[in-house]
Amino acid sequence: MGKFLIVGLGNIGPEYAGTRHNIGFAVLDALVAKHGGAFSVERLAEMVELKWRSHVLVCVKPTTYVNLSGRAVKYWMDKEKIVLENVLVIVDDLALPLTKFRLRPGGSGAGHNGLENIREVLGTDAYPRLRFGIGNNFPKGRQVDFVLGRWKEDELPLVRLKVEKSVELIESFATSGIERTMSQYNNLDFTL
């Protein structure tokens with residue numbers, strides 16, 4: 001039986017609901033809904049524990065805002081005694097088109113403040129992450145508005161499909177491991 005920490009990055013508060021930056025929250029909400037769980041407010045996060053094929057998935061939505069996510073990740077890793085390779089962080093990614101996502105066993109934060117903060121707090125960037133492509137369709141100098149903006153109506157069907165596939169990917173990560181899951185999901189190209 002394995003124990004996993006599944007962390008969805010996002011910002012708390014209704015003004016951030018449904019924004020590109022909160023896709024980590026959206027993926028965790030879908031995972032928890034599928035498995036009939038309910039989040040409760042705990043220390044530094046909303047948290048729920050799910051059982052999946054003899055594995056335990058500790059699902060966490062940090063309440064520290066994206067840029068300070070490291071505190072919540074470290075706290076829940078220590079509290080639940082979860083090893084680094086069993087942590088999965090779900091995050092928005094400007095460098096990937098909306099049609100893609102990528103699972104990686106580690107790597108740089110690539111300018112994402114949430115990933116950078118997790119690296120600082122943990123002292124390593126060797127933790128798995130699912131980068132959910134949000135595209136970069138914004139005018140020069142408007143990156144913050146784009147990231148904190150809501151999905152366009154015509155993007156939503158594709159976003160919902162990718163959220164559904166992200167849930168499958170998380171389940172595969174827990175049951176089949178990262179290498180097998182990467183080879184199964186990383187080359188998918190999502191279209192409607």
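The structure is a predicted model, in which local features need pLDDT of at least 70 and side-chain atom pairs count only at pLDDT 80 or more, while totals for chains, interfaces and linings use all residues. Residues are numbered from 1 along each chain as its sequence is written, and side-chain values use heavy atoms, with hydrogens and water left out.

Along the principal axes, the C-alpha atoms of the protein chain fill a box of roughly 45 × 30 × 30 Å. The protein chain holds 6 helices and 7 strands, arranged from the N terminus as β-α-β-β-β-α-β-β-α-β-α-α-α. These elements are DSSP runs numbered from the N terminus, with helices (H or I) of at least four residues and strands (E) of at least two.

Of the 192 residues in the protein chain, 50% are buried; buried means under 20% relative accessible area, exposed over 50%, and partly exposed in between, with a 1.4 Å probe and protein chains only.

Glu 155 sits in the loop between helix 4 (143-147) and helix 5 (156-176), and it counts as buried because its relative accessibility is 12%. A polar atom of the Glu 155 side chain lies 2.8 Å from the backbone nitrogen of Lys 152. Beyond its neighbours within four places in sequence, Glu 155 is in contact with Arg 20 and Leu 98.

Ser 54 belongs to the loop between strand 3 (45-52) and strand 4 (55-62). With 53% relative accessibility, Ser 54 counts as exposed. Setting aside neighbours within four places in sequence, Ser 54 is in contact with Met 1 and Gly 2. The C-alpha atoms of Ser 54 and Gly 2 are separated by 7.5 Å, although the two residues are 52 residues apart along the chain.

Note on methods. A polar contact is a pair of N or O atoms within 3.5 Å; within protein, one must be able to donate a hydrogen and the other to accept it, and residues adjacent in sequence count only if both atoms are side-chain atoms. Contact means heavy atoms within 4.5 Å.
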